[in-house]
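Work through the exercises below with the sequence and the model open side by side. Each task is followed by a solution in steps.

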Amino acid sequence: MSALSTPLDPLALPPERLPPYDEHHKAKHRLLEEYMKVWLAKLAQTHPHVAIIDGFASAGRYRDGRIGSRLIFLRTYLTHAARARFKAPPHLVFIESRRDFAQHLRFELDAMDLRGIEVDLIHGEYKVEFPRVVDFLATRYGQPPTFAFVDPLGYDNTPFALLRDYRAQLGSRAEAMVYVPTDFMARFVGTTLTEQALDDLFGSREAWQRVREETTPGAEASAKLAEAYAQVLESEYKLVSRFAVDPASRNRYYLFFGSDSIDGLKAMKDAYWKVDPEDGRGYTQAIVEAAGQLGIFEAAVETPKEPEDDLLALMRGHFEGREFSIEEAERFALTTTGFRAAHVRSLALTPALKAGTLEITVRTSKRQGGFTPGTRMRFII
Ligand SMILES: C[S@@+](CC[C@H](N)C(=O)[O-])C[C@H]1O[C@@H](n2cnc3c(N)ncnc32)[C@H](O)[C@@H]1O
């Protein structure tokens with residue numbers, strides 16, 4: 001615990017005072033857990049310090065006993081297979097504005113064996129505390145790889161300026177996952193009610209103004225707002241992706257992810273496909289429930305489907321007539337399609353090689369079709 005922490009008395013809230021768990025939370029939490037496993041394995045073994053900031057931490061546990069994001073971060077670290085090889089445990093910082101939730105989280109943390117792990121719990125407002133945390137991490141560690149999870153209840157407390165400053169101070173390894181409730185925002189985009197909140201979220205009026213001018217509130221505006229937010233995030237990050245979550249309430253929201261690392265995007269896309277084995281783009285509660293009240297992942301596994309897009313055709317269209325590397329092929333699939341890196345081999349290159357429509361021009365593996373780093377190739381016919 002560092003000077004960031006708020007002195008708090010632990011308080012075990014009775015279940016009825018903890019937040020209710022909604023099925024769609026599972027999608028968000030599985031994404032976090034899958035991504036964090038890879039992120040920690042890669043970065044905690046190669047950097048002396050890594051940090052995780054949960055800007056809207058909640059109570060740590062839901063009414064039905066399931067754990068929330070902050071305990072997922074901790075559990076992922078504590079149960080990590082490569083933990084013994086980490087240079088140091090992650091520095092975890094949790095911010096929560098509700099005192100009773102923060103106190104409950106204090107209770108949960110006190111019940112865990114956290115010896116040797118720096119865990120700070122701050123009772124306070126994200127807007128005030130997040131910049132303070134960023135300053136602290138920058139002063140103490142320089143520019144450690146950092147993952148910030150920004151998961152508010154609405155959209156009026158997450159100014160983009162804070163993410164800009166986060167990047168400016170912590171550098172190119174400061175990643176973020178941000179909740180953006182576009183369906184909800186779309187209802188107000190034509191009004192003056194939430195102009196200020198939208199200006200803050202997008203960082204400027206220009207970034208979302210066109211959506212108001214060109215669309216009527218509704219599904220189309222929601223999709224355009226998502227597109228506009230992606231563009232704003234792209235002003236800070238080289239690589240931006242998003243995962244749609246459609247809860248039973250039909251208030252679709254997106255979890256946006258910004259990173260400068262192709263390995264980061266690769267790991268996040270792998271996580272998307274674990275949550276949505278159909279096309280890796282999103283989770284729809286109604287579909288999962290219609291599949292027979294099975295849990296989200298079981299339902300998806302029960303009815304596997306091939307993705308609608310044809311990755312091989314997309315790649316042929318892009319690389320036709322020129323030589324390209326396996327790295328370029330993966331980057332293309334990761335950044336311009338919904339596919340994940342492994343699909344490049346399984347759905348495109350291997351079938352093309354077997355069909356005689358791909359020739360390897362530079363082989364780096366002894367095995368035919370190994371597609372190891374540095375492999376170069378071209379489509380023929
Ligand atoms: C959607 S919940 C977070 C859920 C959590 N990330 C999880 O996945 O388990 C949002 C939390 O942020 C808290 N909160 C709301 N406004 C806040 C603010 N301005 N600063 C910090 N926390 C805030 C709420 O009390 C609530 O517990």
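**Exercise 1. The sheet**

In what order do the strands of the open sheet of 8 strands lie, and what kind of pairing does the sheet have?

Solution. The structure is a predicted model.
- Step 1: Read across the sheet from one side to the other. The order is β3-β2-β1-β4-β5-β7-β6-β8, and the pairing is mixed.
- Step 2: Look at the two ends of that order. β3 (119-123) and β8 (282-284) are the edge strands, and each has a single partner, so one side of each lacks a neighbour in the sheet.

**Exercise 2. Pairing around β4**

Find how β4 pairs with β1 and how β4 pairs with β5.

Solution. 
- Step 1: Recall how pairing works. Strands of a sheet pair through backbone hydrogen bonds, either parallel or antiparallel.
- Step 2: Take β1 (residues 51-54) and β4 (residues 146-150). These two strands are parallel, with 4 bridges between them. Ile52 has Phe147 of β4 as its bridge partner.
- Step 3: Turn to β5. β4 and β5 also run parallel and are joined by 5 bridges. Here Thr146 is bridged to Ala174 in β5.

**Exercise 3. Helices on the sheet**

Which strands does helix α2 touch, and at what angle does its direction stand to that of β2? Repeat the task for helix α4.

Solution. 
- Step 1: Helix α2 (residues 69-78) packs on the sheet and touches β1, β2 (91-96), β3 and β4. Its direction makes about 170° with that of β2.
- Step 2: Helix α4 (residues 126-141) lies across β1, β2, β3 and β4. The angle between helix α4 and β2 is about 165°.

**Exercise 4. Two residues with positive phi**

Arg250 and Phe371 both have a positive phi. Where is each found, and is each buried or exposed?

Solution. 
- Step 1: Arg250 has a phi of about 65° and is not a glycine. It is found in the loop between β6 (239-246) and β7 (253-259). Arg250 counts as exposed because its relative accessibility is 52%.
- Step 2: Phe371, also not a glycine, has a phi of about 50°. It is found in the loop between β10 (358-362) and β11 (376-379). Phe371 counts as buried because its relative accessibility is 2%.

**Exercise 5. The largest pocket**

Describe the largest pocket by its volume and its lining.

Solution. 
- Step 1: The volume is about 830 Å³.
- Step 2: The lining has 35 residues, with Ser58, Asp151, Pro152, Leu153 and Gly154 nearest the centre of the pocket.
- Step 3: By class, 14 lining residues are nonpolar, 13 are polar and 8 are charged.
- Step 4: α1 (25-43), α2 and β2 each supply at least two lining residues. The largest share, 3 residues, comes from α1.

Conventions: Residues numbered from 1 in each chain as written. Predicted model: local features only at pLDDT ≥ 70, side-chain atom pairs only at ≥ 80, totals over all residues. Heavy atoms only, no water. Buried < 20%, exposed > 50% of the residue type's maximum accessible area, 1.4 Å probe, protein only. Pairing = 2+ DSSP bridges. Contact = heavy atoms within 4.5 Å. Axes fitted to C-alpha atoms, helices over the stretch in contact; angles between N-to-C directions. 1 Å grid on protein atoms, 1.4 Å probe; cavity = no way out; pocket = protein on both sides within 12 Å on 5 of 7 lines; lining within 4 Å. Points joined across faces, edges and corners; volume = space filled by probe spheres on them. Nonpolar A, V, L, I, M, F, W, Y, C, P; charged D, E, K, R; others polar.
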